[in-house]
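Welcome! Please take a moment to look over the sequence and the 3D structure before reading on.

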Amino acid sequence: MSDTKEQVLTFLGKCDEMRNGKFIMATKRIKDLLKCIVNCPELYRLFEAVTKNFDYPEAKNNCLVTVNEGMFEKNSVVLPQTVGQRLAFIFCLLVEFDENSINFNDFLCKFYPEDGSFAAGYRLFCDTVIKGLQDAVAQVFKEELAVTDKPETEGEANSKKAKLISALELAVAEELHSLLQSGVSEDEKECGAKMLSQIYEAVKAEDEELIDALVCGYNYFALYSNCVSDTLRALIEAVAAFEREL
């Protein structure tokens with residue numbers, strides 16, 4: 001696989017992770033996208049070129065639209081029509097989210113209110129802005145992406161899956177250790193440990209629906225118990241990586 005194609009596919013994969021992920025991981029996913037751009041020379045050159053003479057303040061005035069409708073305001077995001085300006089605008093917007101010069105939660109409330117929940121607003125944001133970014137990058141590199149590579153053999157696929165299971169097993173063990181060292185009650189530790197055990201068993205059974213349900217449940221358990229940790233984020237990422245191979 002060419003370096004360019006590999007870099008672009010890595011970035012498109014990060015976009016998929018953000019679009020398929022949970023709202024709670026939004027800020028990390030944004031940071032991951034920006035890191036991917038910085039660490040991939042082909043992408044870095046692309047975004048350097050499109051932002052070189054880009055007037056972002058003017059673009060914000062044109063793209064972040066507020067219309068007065070009587071006593072109410074209607075806010076919407078209108079992405080630029082040209083690929084270059086769309087790439088530049090979305091990139092600059094993500095940088096503002098990352099630097100918190102625009103608070104991401106406030107942005108969702110204003111431009112993607114939906115049913116009043118962050119989760120619904122986040123989903124619509126991803127389906128418009130992040131997909132817009134993803135499609136634009138894919139369009140720029142369509143020739144590189146069209147190159148056919150040697151298909152993955154069954155042995156290579158099995159080896160990759162085995163590595164992902166091992167990574168997940170380690171992530172579960174680390175989260176369990178973190179949970180047991182936390183200040184939550186013994187009953188909560190026992191409950192969390194059971195859920196972690198079931199997550200691992202569901203992965204071995206390759207039951208995608210059960211995996212998603214258990215991870216979602218454990219995530220809410222951690223939020224409710226106030227024991228969210230870096231190991232939980234690593235666990236969610238390990239599960240997402242495994243699910244992509246199912």
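## About the model

The model is predicted, so to speak of local features a pLDDT of at least 70 is needed, side-chain atom pairs count only at pLDDT 80 or more, and totals for chains, interfaces and linings use all residues. Residues are numbered from 1 along each chain as its sequence is written, and side-chain values use heavy atoms, with hydrogens and water left out.

## The chain as a whole

Let us begin with the overall picture. The chain has twelve helices and two strands. Here helices (H or I, at least four residues) and strands (E, at least two) are DSSP runs, numbered from the N terminus. Read from the N terminus on, the order of elements is α-α-α-α-β-β-α-α-α-α-α-α-α-α. The C-alpha trace spans about 55 × 55 × 25 Å along its principal axes.

Of the 246 residues in the chain, 39% count as buried. Buried means under 20% relative accessible area, exposed means over 50%, and partly exposed lies in between (1.4 Å probe, protein chains only). The accessible surface of the chain comes to about 13900 Å², and 51% of that belongs to carbon and sulfur atoms. These areas come from the Shrake-Rupley method with a 1.4 Å probe; for residues, only the protein chains shown count as cover. Among contacts between residues at least 6 apart in sequence, 68% join residues at least 24 apart. Contact means heavy atoms within 4.5 Å.

## Helix α5 and its two partners

How do the axes of α5 and α7 cross, and at roughly what angle? Helix α5 (residues 83-99) and helix α7 (residues 118-140) have axes that come within 10 Å and cross at roughly 130 degrees. That makes α5 oblique to α7. Axes are lines fitted to C-alpha atoms, for helices over the stretch in contact, and angles run from 0 to 180 degrees between N-to-C directions. Angles under 35 degrees count as roughly parallel, over 145 as roughly antiparallel, 65 to 115 as roughly perpendicular and the rest as oblique. On the α5 side, the contact is made by V83, R86, L87, I90, L94 and F97. On the α7 side, F125, V129, I130, G132, L133, A136, V137, Q139 and V140 take part. The residues of this contact divide into twelve nonpolar, two polar and one charged. For this sorting, Ala, Val, Leu, Ile, Met, Phe, Trp, Tyr, Cys and Pro count as nonpolar, Asp, Glu, Lys and Arg as charged, and the others, Gly among them, as polar.

Helix α5 also meets helix α4 (residues 56-63), their axes coming within 10 Å and crossing at roughly 95 degrees. The two helices are therefore roughly perpendicular to each other. Y56, A59, K60 and C63 in α4 meet F89, C92, L93 and E96 in α5. This contact divides into six nonpolar, no polar and two charged residues.

## Helices α11 and α12

Next comes a pair further along the chain. Helix α11 (residues 208-225) packs against α12 at an angle of about 170 degrees, with the axes 11 Å apart. That makes α11 roughly antiparallel to α12. From α11, the residues E208, I211, D212, V215, Y218, N219 and A222 meet L232, I236, V239, F242 and E243 in α12. Eight of the residues in this contact are nonpolar, one is polar and three are charged.

The loop between α11 and α12 holds N226. N226 has a positive phi of about 60 degrees although it is not a glycine. At 70% relative accessibility, N226 counts as exposed.

Is L235 buried or exposed? L235, in helix α12 (residues 230-243), counts as buried at 2% relative accessibility. Leaving out residues up to four places away in sequence, L235 touches L168, A171, V172, E175 and L196. L235 and A171 are 64 residues apart in sequence, yet 5.0 Å apart in space, C-alpha to C-alpha.

K189 sits in helix α10 (residues 186-204) and is buried, with a relative accessible area of 11%. With residues up to four places away in sequence not counted, K189 touches L179, L180, S182 and V184. Finally, N100 lies in the loop between α5 and α6 (104-111). Phi of N100 is near 65 degrees, a positive value in a residue other than glycine. N100 counts as partly exposed, at 48% relative accessibility.
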